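Visitor: Hi! Could you walk me through this protein?
Guide: Happy to. Let's look at it together.

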Amino acid sequence: MSDNMINPDGISMENGQIVNEAAPDPNAALRFEDLTIDDELSLLDRVVRYVRSGIALQRLVHVKMIAETAKTVGSELTVNTLIPLLPPLVVDTESIIRQHLATQILPVSLICMFGHDPDFNPKEETHRSKYKHKHNTNIKYEERGYKIVTSIILNHINTLITDADMDVRKAASDALATLALYIKPEDVSSMILPIPLRMAIDTKPSSTNKDNNSKEKDKDDKNNAKNSNSKPLNSKTKTGPADELRITASNLLADLASVDSSQITPAMVAKFITPTILNLCKNPAFRVRRAAVQAIPRVVHGTLVDDVHRHLLPCFESLAEDEMYRVRKSVGECLVDMSRSLMLLPYCPDANVAAFGGGGGGRKDKGSQRK
């Protein structure tokens, strides 16, 4: 493999890592050649050159090409050339670039981990289904790529998932929830779950929220009589950054609770996810409580029956009497999903339904209920 292919344009590198150069002066006048794309470059060379462009549009266009490039060049060049391009993009000044980068991370991760697997088809989104739910027993990991995914790429996801922009956080959350299906089961509790758990627990409540919460309660009480014509949240009401992360964490934990039960078992859901959701249900910020209510049906679908009976159902019922109308309304809106999860629960493996007189065995794929 030639050095020119690994390092097109002679980009400054140190120990195989791309050295970030000084960004072009944004105030400098753009020349015509600055706005043109060299069509003679290969796909890899184009991406390497233009994701580092000082022009945001060029960066955006070529960030969207990262996954396609990874599929084309394979795992070795992805690890050696594309992964070193990610650090400056994760903290790019343009949120739209960070958002699209988050959507590229999952396919790039799959190429890194399974690129040498002869049965792996990067065009298929259901890699695991080909193994007929044997779950990792026949999956051939590329060890170097796996280490990069579970260290470097997960760190990038952790940065994006705590981004100030909601759309960036959502895209990163979706990538992490799906990536949990492909990580080795023994690594899920130590590498995947700590990310949303830290977001939910390690932040302090915003004082701004307490004032806004009481103001919103007064407004809700006035509108309670005309709940059928309920108006959206007052635009002046703000949620603090810590609570925004809690809302993201609540949605992500619900997604993780409802993925394949051989990856995140009902016992893991009961041990790690349920206590966190219950804690979020007691948060002073009503938007956090509302997000936790919306997460409960998916957590019910993924946890133990005993956990549902002792903790989740009583919490769900208590929130039906919450002081905030919007929380109570969310409880009502979740009733259909809640009943569906309760009906499917006896068919989830390891659910300990026998203790409650239910049937056992059945479907392993909890992910079909994810939304």
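Visitor: Among contacts between residues at least 6 apart in sequence, what share join residues at least 24 apart?
Guide: That share is 72%. Contact here means heavy atoms within 4.5 Å.

Visitor: Where does this model come from?
Guide: This is a predicted model: local features need pLDDT of at least 70, side-chain atom pairs count only at pLDDT 80 or more, and totals for chains, interfaces and linings use all residues. Residues are numbered from 1 along each chain as its sequence is written, and side-chain values use heavy atoms, with hydrogens and water left out.

Visitor: Where is the kink in α8?
Guide: At I105, shortly before the proline P107, and the kink is about 30°. The bend at a residue is the angle between axes fitted to the seven residues ending there and the seven starting there.

Visitor: What about I97, buried or exposed?
Guide: I97 is buried, with a relative accessible area of 0%. Not counting residues up to four places away in sequence, I97 touches A56, R59, L60, V63, L89 and D92. The C-alpha atoms of I97 and A56 are 8.0 Å apart, though 41 residues separate the two along the chain.

Visitor: Which residues does I157 contact?
Guide: Leaving aside neighbours within four places in sequence, I157 is in contact with I105, A172, L176 and L179. I157 itself sits in helix α9, residues 143-161, and is buried at 1% relative accessible area.

Visitor: New topic: at what angle do α14 and α15 pack?
Guide: About 150°, with their axes 10 Å apart. Axes are lines fitted to C-alpha atoms, for helices over the stretch in contact, and angles run from 0 to 180 degrees between N-to-C directions.

Visitor: Which residues of α14 make that contact?
Guide: R246, S250, L253, L256 and A257. From α15 come V269, I273, T276, I277 and L280.

Note on methods: Buried < 20%, exposed > 50% of the residue type's maximum accessible area, 1.4 Å probe, protein only. Helix = DSSP H or I, 4+ residues; strand = E, 2+ residues; numbered from the N terminus.
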